[in-house]
Amino acid sequence: MRPLSVKGAWLSETRAFADDRGEFQELYSGRSLSAALGYEPGVAQVNRSVSRQGVLRGVHFAQVPPGQAKYVTCLSGAVLDVVVDIRTGSPTYRSWEAVRLDDPHRSLYVEAGLGHSFMALTDDAVVVYLTSQGYASGREHGVHPLDPDLAIAWPEHIEPVLSKKDQQAPGIKEMERRGLLPSYDECAAFHRSLRARHMV
């Protein structure tokens with residue numbers, strides 16, 4: 001588990017065991033993740049998406065608490081996976097970090113309160129993500145992934161393909177004006193409470 005520049009985002013790198021029969025790999029370890037985070041995030045839902053080249057999903061997040069943490073793995077093909085700090089008051093507010101996921105030995109963990117987005121770099125990009133909470137439409141929000149105020153460096157040679165919902169998502173300034181973004185202090189307090197419960 002390696003922390004990224006956006007606090008609350010981690011890159012998990014695992015290894016596979018191969019022999020003449022094939023390969024075995026532990027894709028997810030709750031024990032290892034809990035050791036890095038200081039709490040058990042839990043898994044409430046497992047999602048799978050298949051995307052053609054250019055499909056751009058996000059920037060998505062859920063209200064905190066409880067938010068929705070994600071553990072993201074690309075099983076085949078390749079995606080550019082991006083974590084965005086949308087927490088108002090954060091020292092790295094509006095910053096982002098991109099990780100290319102093209103190998104199931106690498107996964108991205110995105111803590112509740114952070115924004116998450118990815119673009120498929122290939123056809124038939126298969127992404128599986130474990131979430132700490134199930135989907136609840138009333139708590140789900142999005143920031144436009146092409147918002148110039150975020151200036152995410154998506155690949156210039158690939159034409160982005162967005163859902164109607166993502167096309168209509170506001171920019172980050174508008175989301176902040178509406179009071180729909182999580183606050184850094186609120187997220188920090190929530191995760192402190194998870195750590196306190198974990199230690200009991």
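This is a predicted model: local features need pLDDT of at least 70, side-chain atom pairs count only at pLDDT 80 or more; totals for chains, interfaces and linings use all residues.
A pair of aromatic rings is described by the distance of the centres and the angle of the planes. One aromatic pair is present in the structure. Its members are Y28 and Y71, whose ring centres lie 4.9 Å apart, with 75° between the planes. The arrangement is edge-to-face, because the angle is over 60 degrees. Y28 is located in the loop between β4 (22-25) and α1 (30-37), whereas Y71 belongs to strand β7 (residues 70-76). The pair therefore ties together parts that are 43 residues apart in sequence.

The two tyrosines fall into separate classes of accessibility. Y71 has a relative accessibility of 5% and counts as buried, because the cut-off for this class is under 20%. Y28 has a relative accessibility of 23% and so counts as partly exposed, a class that lies between the buried cut-off of 20% and the exposed cut-off of 50%.

Strand β7, which contains Y71, is joined to β10 by four bridges, and these two strands run antiparallel. Across this pairing, Y71 stands opposite Y109 in β10. Strand β10 covers residues 106-110. Four of the five residues of β10 are buried, and the strand is thus described as mostly covered.

Strand β10 also pairs with strand β2 (residues 9-13), again in the antiparallel sense, over five bridges. In this pairing, L11 stands opposite L108 in β10.

Key
Residues are numbered from 1 along each chain as its sequence is written. Side-chain values use heavy atoms; hydrogens and water are left out. Rings of Phe, Tyr and Trp (its six-membered ring) pair if their centres lie within 6.5 Å; planes under 30 degrees apart count as stacked, over 60 as edge-to-face and the rest as tilted. Buried means under 20% relative accessible area, exposed over 50%, partly exposed in between (1.4 Å probe, protein chains only). Two strands pair if DSSP finds at least two bridges between them.
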